[in-house]
Amino acid sequence: MAAATDDAGDSNEMIRVVSSDGEHFEMPEAAANLSLVLRHMIEDDCADAAGIPLAVVAAKPLAKIVDYCTKHAAKSSGLTIEEAEELKRFDAEFIEVDTDMLYDLLVAADFMGVEGLSKLAVQRTADLIKGKTPEQNRETFGIVNDFTPEEEEEICKENEWAFQITKPPSRLC
Amino acid sequence: MEKEIAALPDDALAGVLGCLPARSLAAARCVCKAWLAVVDSRALLLPHLLPRSVRGMFINYIDHYRPHLFARPSSAAAAAASPCNSIDGMLGFLPHGRYDSDGAGRDWWSVVDHCNGLVLCDVQWGSRLAVCNPATRRWTLAPPLEETIRYHCCAYLAFDPAVSPHYDVLAKVFSSRTGPRGRWEERAFVREGEPAGTVEDIRLHDEEPTWTGPRQRLIFKNSKEMAIDFDTPWFNVFQ
């Protein structure tokens with residue numbers, strides 16, 4: 001019985017984290033536990049009043065990650081169908097961000113070991129790339145075309161089938 | 001300076017590109033050098049391009065020692081557009097009698113084994129083994145084994161392009177004391193774990209021994225790690 005009270009007490013405890021640019025954030029311990037890095041820090045008693053410093057995560061993405069973890073931790077177990085649907089809607093809205101933020105989230109989620117967010121950001125990035133021409137992709141992500149015209153022609157030729165309406169080849173050439 | 005998805009660490013970028021369907025992945029390959037490098041170095045496109053269906057079959061005859069490839073003919077237009085669309089089932093690209101000093105040629109040959117698009121043939125009346133790719137028309141002659149053996153019942157080909165671009169030719173040796181000869185390397189294989197169920201059902205030959213002798217089954221997990229149904233686990237290996 002005493003243990004159960006302790007558990008309840010723990011999950012209400014707020015964990016403080018500090019972004020690379022010095023901003024402080026708070027989230028419930030259950031939310032922080034969604035990050036592998038934070039969980040290990042908490043287990044090792046490194047979570048104190050000063051906050052856990054996250055050297056490579058800036059305030060903007062960290063605010064989003066705290067949001068994400070808080071939402072998902074509150075709804076972690078025993079989801080009803082409606083709650084699962086709601087969480088899905090939350091995720092879809094959550095990841096509607098510009099490519100700068102997407103980049104920050106990809107890197108930060110990977111660094112902090114937030115698996116669900118990593119998957120979400122990876123899938124969102126893949127969705128942005130999907131079905132686009134190389135030129136459209138360069139535009140979307142602000143990538144400089146570093147091929148010479150000859151190289152580009154050569155490489156595009158290797159994957160000619162990708163730019164045709166027909167089916168991909170059924171075997172390796 | 002705008003942040004670029006291309007600036008992602010390779011692992012993260014590979015994770016993203018790995019989610020793409022084949023066509024988008026091929027287009028992504030043309031975006032910039034960093035993306036090209038990730039797609040190519042990790043062979044992300046390869047599993048999409050591997051054959052998923054039987055393209056044709058080689059038939060060895062008993063009274064005519066020259067097999068035929070039975071396959072749906074590719075259209076003339078497709079063949080003209082891309083030479084790799086036409087498979088040379090007669091292996092006409094093998095130079096007749098020029099690949100060995102004795103000039104024996106490939107007048108008589110048969111298909112010994114095949115694996116994921118590569119064909120293993122015995123040439124020069126069964127004295128030598130050649131690995132051929134009938135689609136790219138490239139071929140290699142394996143160095144001769146000192147011991148005269150009937151290749152057609154004891155040589156196998158292992159090749160899984162999704163795992164490695166290298167192939168192995170396995171020739172069963174009847175004495176484990178034969179030792180390495182030339183570039184052949186003697187190697188022992190043992191089955192590791194249970195054989196893969198789906199592949200195990202593939203029967204290469206009838207269970208009854210034929211005039212060429214019974215063939216046994218090789219069960220590959222991948223090209224480097226294999227489980228084999230053999231009483232003699234000794235092979236000479238040519239890579």
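Colleague: How many helices and strands are there in chain A?

Modeller: Chain A has nine helices and three strands; these are DSSP runs, helices being H or I with at least four residues and strands E with at least two, numbered from the N terminus. From the N terminus on, the order is α-β-β-α-α-β-α-α-α-α-α-α. It's a predicted model, so local features need pLDDT of at least 70 and side-chain atom pairs pLDDT 80 or more, while totals for chains, interfaces and linings use all residues. Residues count from 1 along each chain as written, chains are lettered from A and ligands numbered from 1 in written order, and side-chain values use heavy atoms, without hydrogens or water.

Colleague: What share of chain A is buried?

Modeller: Of its 173 residues, 36% are buried, meaning under 20% relative accessible area (1.4 Å probe, protein chains only).

Colleague: And the largest nonpolar core, which residues have the most contacts inside it?

Modeller: L117(A), L17(B) and W35(B), in a core of 56 residues. A core here is a set of buried Ala, Val, Leu, Ile, Met, Phe, Trp, Tyr and Cys residues joined through side-chain atoms within 4.5 Å. Helix α6 of chain A (residues 99-112) gives the most to this core, eight residues.

Colleague: What does L17(B) touch?

Modeller: Leaving out residues up to four places away in sequence, its partners include I129(A), W35(B) and L44(B); contact means heavy atoms within 4.5 Å.

Colleague: Switching to F70(B): where is it found?

Modeller: In strand β2 of chain B, residues 68-71. F70(B) counts as partly exposed because its relative accessibility is 45%, and partly exposed is the range between buried and exposed, the latter being over 50%.
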